[in-house]
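User: Could you walk me through this model, one feature at a time? I would like to learn how to read each one.

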Amino acid sequence: MEIKDLQPTLLWGAFDEITKVPRPSRHEDKIRAFLLDFAKKHSIEAKTDEVGNVVMKKPGTPGHENAPTVVLQAHMDMVAEKNSDVNHDFLKDPIKTYIDGEWVKAKGTTLGADNGIGMAAALAAMADDSIEHGPIEALFTVNEEIGLEGAENLGEGMITGKILINLDSEDDGEIFIGCAGGIDTTAVFKYKRSFSPDNFIYYKVKVSGLLGGHSGGDIHLGRANANKVIARFIWECSNKWDIEVSSFNGGNLRNAIPREAEAVFGLHVDHKHAMNKFMTHYAEAIKNEFKGVEPSMNLEITEVPKPEYCIDSNTSLRLVRALYSAPHGVISMSKEIEGLVETSTNLAAVKMAEDNTIIVTTSQRSSLESRKEDIAGQVEAHFQLAGAEVNHSDGYPGWAPNIQSKIMKISADAYEELFGVKPKIKAIHAGLECGLFLTKYPHLDMVSFGPTMRDVHSPDEKLLIPTVDKFWKHLCLVLKKIAEE
């Protein structure tokens, strides 16, 4: 069976088409064209703004033309992550989906259910003439995964609704009414190249097979950070022997916990036997530390030819020490909402550039604006002490929970009516676009819900099939209840 044959077919069919359209962040031209073509085929009014966001508008069904307008919102872009042994061009190739029991997965890449399934639900609502609803506006934003840029630059007057349903959540049975704000902090190390010593033996150390995941939604799970694993190993080596570091690269995206990293370094040939013995000990220790958390962790070291150049010793040691000691993970838990991560930071990526610089990307999140600024300041100070140049992104605001929300009550009542259980009302540590919408449209009453997904932002991303049907039925009933209010 193909995913387009799953129920409800209108929604799954739309999702199947979406997976065939390349749409990594900042490359949304093809998915935008797909959306506009969809609107044209279904005689739906559509428009775009200067940054490329798309809005479709559909009038209410008979008798509900004057009901409150509801905005259904999802983002166009997807996180483009793949396993290192997979040949996939995210700018050209469709996602290869398959069904594994009750899950939909992708072959070696991210699935793009974040937020393709939300887009598909919005499109299904726009195309389905059998459901009862008031006026609907479907808003599809760009560049959500790299800083919520579409939401931040949403064109004036693009939406008119006073109720917004964000379709970018990842747990069935949970309705979200708040999210964390975020900011990125980037550190740049400038280095000089030095010739690699002749009397050294050189190794490539690589960690792979980690679970990674969403730097907001999965940060509390205690998964290994590939950059930290490599940095720790090299730091421990540097305390035993004189070393030379030739390269260090790890991670990819600011909002993904890094799954893979590798470095090339050398030490005097006299220490070869001791080095091999220490590597075996380190691999056993690190795997034991993450036993039960990282079942597929792979740490390997291979001898490589002498590289022509190394990073100058002063910079390489400052880099390794900074990466090893940099904060990563949960910083504090919420005092108001049990089980909610309040503040965290992610040591996301280390990349060597051609201009003799090494760029370290980190991201910080918090449901408290002051704590977001605090942890970003701590990360800045940390890398300043290491001699790096540090800068911050503009960041984005959080979404403060409103327990008096009318749409929250409607959504909760609809879920209980359908499935006989009360949904959990929660806030999420991940960033949603809702906080930015409030800065432009402070009147909005908002909720976020969606089907169950796991391991988003990684090639292990998967979507639980039975919850998609529940998600659709829930959305349809919410729209009906709003129309009848």
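**Reading burial, bridges and packing**

User: Let's start with a side chain: is Glu417 buried or exposed?

Analyst: Glu417 is exposed, at a relative accessible area of 53%. The cut-offs are under 20% for buried and over 50% for exposed, with partly exposed in between (1.4 Å probe, protein chains only). Keep in mind that this is a predicted model, where local features need pLDDT of at least 70 and side-chain atom pairs pLDDT 80 or more, while totals for chains, interfaces and linings use all residues. Residues are numbered from 1 along each chain as its sequence is written, and side-chain values use heavy atoms, without hydrogens and water.

User: Which side chain meets Glu417 in a salt bridge?

Analyst: A salt bridge here is a Lys or Arg side-chain nitrogen within 4 Å of an Asp or Glu carboxyl oxygen. Glu417 pairs with Lys481, at 2.9 Å from N to O. Lys481 lies in helix α11 (residues 465-484) and Glu417 in helix α9 (residues 406-419), so their bridge ties together parts 64 residues apart in sequence. Helices (H or I, at least four residues) and strands (E, at least two) are DSSP runs numbered from the N terminus. Lys481 is partly exposed, at 22%.

User: How many salt bridges are there by this rule?

Analyst: The count is 28. Two more pairs are worth a look. Arg259 bridges to Glu81, with the closest N and O atoms 3.4 Å apart. Arg259 sits in the loop between β12 (243-250) and β13 (261-268), and Glu81 in the loop between β3 (70-75) and β4 (97-100), 178 residues apart. Arg259 is buried at 7%, and Glu81 is buried too, at 8%.

User: And what separates Lys372 and Glu369 along their helix?

Analyst: About one helical turn, because the two are three residues apart in helix α8 (residues 369-385). Lys372 is buried, with a relative accessible area of 4%, whereas Glu369 is partly exposed at 40%.

User: What is Phe140 in contact with, beyond its neighbours within four places in sequence?

Analyst: Contact means heavy atoms within 4.5 Å. For Phe140 the partners include Leu35, Met56, Met119 and Leu123.

User: At what angle do helices α2 and α3 cross?

Analyst: Axes are lines fitted to C-alpha atoms over the stretch in contact, with angles from 0 to 180 degrees between N-to-C directions. For α2 (residues 29-41) and α3, the axes come within 12 Å and cross at roughly 15°. That makes α2 roughly parallel to α3; the cut-offs are under 35 degrees for roughly parallel, over 145 for roughly antiparallel, 65 to 115 for roughly perpendicular, and oblique for the rest. Ile31, Phe34, Leu35 and Phe38 of α2 make the contact with Met119, Leu123 and Ala127 of α3.

User: And how many residues of helix α1 are buried?

Analyst: Eight of the eleven in α1 (residues 9-19), among them Trp12, Phe15 and Asp16. The buried residues of α1 pack against α2, β4, β5 (103-106), α3, β23 (462-464) and α11.
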